[in-house]
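Good morning, colleagues, and thank you for your time.

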Amino acid sequence: MRMLVLGAALAMMTSAAMTYSARADDDDAKGAQKQAMQGRDDYWHCLAREYSRDANQGLSEQDFGRSVASACPSERQYYRVALLDYLTTQYPDIDSGAHLATANRAVESAQKDIVTAFVKRRPPQK
């Protein structure tokens with residue numbers, strides 16, 4: 001009888017530990033997602049400031065692209081790292097190199113989008 005009670009207590013403790021672990025993992029994933037979204041927003045806001053700088057208005061597409069590529073280094077790195085952390089949390093079985101490539105493509109895409117907007121807004125050359 002005593003073994004049965006001990007077994008039941010161990011089963012309940014194991015179940016509780018597994019439930020806590022699942023909740024902790026879910027909280028980690030939500031936190032990582034929130035950090036990645038915050039990193040994305042911070043990087044986009046910084047790129048928007050670069051976009052609207054008066055000094056950039058006369059630049060060619062290539063010059064503006066180079067300017068954007070070197071702008072916002074801390075925001076860019078934070079976004080890359082936060083996105084990498086989120087991807088690793090969400091997809092732990094996928095190679096970290098694939099996650100890094102995805103994070104790098106997200107940064108490149110943001111830069112490309114801001115350059116495209118810059119080119120579309122620019123008045124036609126005379």
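This is a predicted model: local features need pLDDT of at least 70, side-chain atom pairs count only at pLDDT 80 or more; totals for chains, interfaces and linings use all residues.

Arg66 is found in helix H2; helices here are DSSP runs of H or I with at least four residues, strands are runs of E with at least two, and both are numbered from the N terminus. Residues are numbered from 1 along each chain as its sequence is written, and side-chain values use heavy atoms, with hydrogens and water left out.

Is Arg66 buried or exposed? Arg66 is exposed, at a relative accessible area of 54%. For this term, buried means under 20% relative accessible area, exposed means over 50%, and partly exposed lies in between, with a 1.4 Å probe and protein chains only. The side chain of Arg66 meets that of Asp63 in a salt bridge, 2.4 Å from N to O. A salt bridge is a side-chain nitrogen of Lys or Arg within 4 Å of a carboxyl oxygen of Asp or Glu. Both residues lie in helix H2, three residues apart, about one turn of the helix. Asp63 counts as partly exposed, at 33%. Arg66 and Gln111 are 45 residues apart in sequence, yet 9.7 Å apart in space from C-alpha to C-alpha.

The structure holds four salt bridges. Among them is the pair of Glu50 and Arg53, whose closest N and O atoms are 3.0 Å apart. Here Glu50 is buried, at 9%, whereas Arg53 is partly exposed, at 39%. Another of them joins Asp41 to Arg40, at 3.0 Å from N to O.

What of a charged side chain without such a partner? Arg80, in helix H3, is buried yet has no salt bridge, and the nearest side chain of opposite charge, Glu108, is 6.8 Å away. In this count Lys and Arg are positive and Asp and Glu negative, while His and the chain ends are not counted. Beyond its neighbours within four places in sequence, Arg80 is in contact, meaning heavy atoms within 4.5 Å, with Leu100, Ala103, Asn104 and Val107.

I turn now to the disulfide, defined as a pair of cysteine sulfur atoms within 2.5 Å. The count comes to one, and this disulfide joins Cys46 to Cys72 with 1.9 Å from S to S. Cys46 lies in helix H1 (residues 2-51) and Cys72 in the loop between helix H2 (61-70) and helix H3 (73-90), so the link ties together parts that are 26 residues apart in sequence. The link is left-handed, with -95 degrees about the S-S bond. Cys46 is buried, at 9%, and Cys72 is buried too, at 6%.

Finally, the core. A nonpolar core is a set of buried Ala, Val, Leu, Ile, Met, Phe, Trp, Tyr and Cys residues joined through side-chain atoms within 4.5 Å. Which members of the largest one touch the most other members? Of its 21 residues, they are Tyr43, Leu47, Phe64, Leu83 and Ile114. H1, H2, H3 and helix H4 (96-121) are the elements that give two or more residues to this core. Setting aside neighbours within four places in sequence, Leu47 is in contact with Val68, Cys72, Ala110, Gln111 and Ile114.
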